[in-house]
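This report walks through one protein chain, moving from single residues to the chain as a whole. Please keep the sequence and the 3D view open while reading.

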Amino acid sequence: MEKYVLPVIVGTLVGFVARIILLRTDFRQYPTYPTGRIIHLSFGFIAAFIGAVAVPSVLESNWAAVTFLGLAATQFREVRKMERETLEIIDNKELVKRGEAFIEGMAQAFEGRNYVVMFSALISTLVAVYNIWLGMVVGLVLVIIVKPRIKGKVLIQMAEISEGKIRFEGPNLFVSDIHIKNVGLVKSRKIIKEKAVGAIITPKNENGIVTLSHLGQRQAMLHHISNVLGSYLDSGEPDLIPLSKRDMEDGRIALFFLPREKDFKQIKEVLKHVPILDSAIRLPRQSDKGKQ
């Protein structure tokens with residue numbers, strides 16, 4: 001097995017570098033810096049080592065080792081569980097929550113990235129057995145190719161975004177022509193008139209109508225706005241909580257929120273980059289519904 005030591009080292013390093021490339025702390029501040037990053041990089045190193053060691057195990061017909069490695073790989077499902085539990089605990093203290101669907105999507109992403117790392121290390125080691133330098137190049141090229149493809153769609157690809165007018169008819173709050181809720185307190189109505197902003201999300205097609213009707217997807221929009229632009233909100237203020245409502249006739253989504261920064265140009269830019277959640281995606285246009 002001594003002849004495989006260098007290829008395994010190369011595969012492990014390439015896989016670890018791949019995890020560094022795929023790891024990013026963005027405006028959501030997750031994973032946290034530095035402790036969250038240490039955890040994810042540690043898991044990434046383990047995934048890279050498992051992928052690298054799998055190659056000599058197979059080439060030497062060491063099936064006991066292969067079985068053990070397969071068992072170890074299944075433990076990465078615990079990564080998803082760990083992330084889900086951590087994010088759920090954090091979400092309980094958010095003024096505008098991420099929501100369960102958003103949390104599950106983030107947890108799946110972290111699990112999936114470990115599998116990408118494992119596969120990159122495996123391919124690098126396999127090539128490095130025959131040529132060390134080529135193995136390093138192939139592994140890194142694979143990561144560069146895969147990275148943009150593991151990113152999902154964003155809102156602007158599925159819908160048009162426009163500003164909605166905040167208005168009252170008596171105590172009833174509307175964003176454009178879509179009713180949001182009843183606001184009984186005069187003080188709350190005054191704050192809403194001064195601080196609130198509305199947005200209308202118009203789906204581009206039938207897929208968008210069904211996908212954007214998902215409550216988790218709508219909550220993700222509200223969370224992104226409050227996370228980036230702040231929120232004029234505190235606990236115990238139910239009248240000021242951001243909400244979304246759907247026009248059941250045409251599928252448009254109305255968003256009501258109170259950002260710290262009221263410039264709609266900024267708000268629109270934030271909404272453009274809201275990720276489309278995997279659990280929300282529906283494709284009715286691709287289904288056979290008996291239409292001629």
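## A buried threonine

T125 has a relative accessibility of 0%, so T125 counts as buried, a label given to residues under 20% relative accessible area, whereas exposed means over 50% and partly exposed covers the values in between (1.4 Å probe, protein chains only). T125 belongs to helix 5, which covers residues 100–128; helices (H or I, at least four residues) and strands (E, at least two) are DSSP runs, numbered from the N terminus. Not counting residues up to four places away in sequence, T125 touches P7, V8, G11, A52, V55 and P56, where contact means heavy atoms within 4.5 Å.

## How the model is read

The model is predicted, and local features need pLDDT of at least 70, side-chain atom pairs count only at pLDDT 80 or more, while totals for chains, interfaces and linings use all residues. Residues are numbered from 1 along each chain as its sequence is written, and side-chain values use heavy atoms, with hydrogens and water left out.

## Strands 3 and 4

S176 sits in the loop between strand 3 (172–175) and strand 4 (178–182), and S176 is partly exposed, with a relative accessible area of 23%. The phi angle of S176 is near 55 degrees, a positive value in a residue other than glycine. Most residues other than glycine have a negative phi.

H179 is part of strand 4 and is partly exposed at a relative accessible area of 36%. When neighbours within four places in sequence are left aside, H179 is in contact with N172, L173, F174 and K245. Between H179 and G70, which are 109 residues apart along the chain, the C-alpha separation is 54 Å.

N207 lies in helix 8 (residues 206–212) and is buried, with a relative accessible area of 8%. Although N207 and G11 are 196 residues apart in sequence, their C-alpha atoms are 41 Å apart in space.

Q266, found in helix 10 (residues 264–272), is partly exposed, with a relative accessible area of 33%. Q266 and V228 are 38 residues apart along the chain, and their C-alpha atoms are separated by 9.6 Å.

## The second largest pocket

The second largest pocket has a volume of about 180 Å³. On a 1 Å grid over the protein atoms alone, a pocket is an open set of points where a 1.4 Å probe fits, with protein on both sides within 12 Å along at least five of seven lines, and lining residues have an atom within 4 Å of a point. Grid points are joined across faces, edges and corners, and a volume is the space filled by probe spheres set on the points.

Among the residues that line this pocket are L185, K187, Y232, D234 and L240.

## The chain as a whole

The chain has 10 helices and seven strands. Its radius of gyration, taken over C-alpha atoms, is 24 Å, well over the 19 Å that the globule rule gives for 292 residues, so the chain is more spread out than a compact globule; this rule is 2.2 Å times the number of residues to the power 0.38. Along its principal axes, the C-alpha trace spans about 80 × 55 × 30 Å.

Of the 292 residues, 42% count as buried. Among contacts between residues at least 6 apart in sequence, 75% join residues at least 24 apart.
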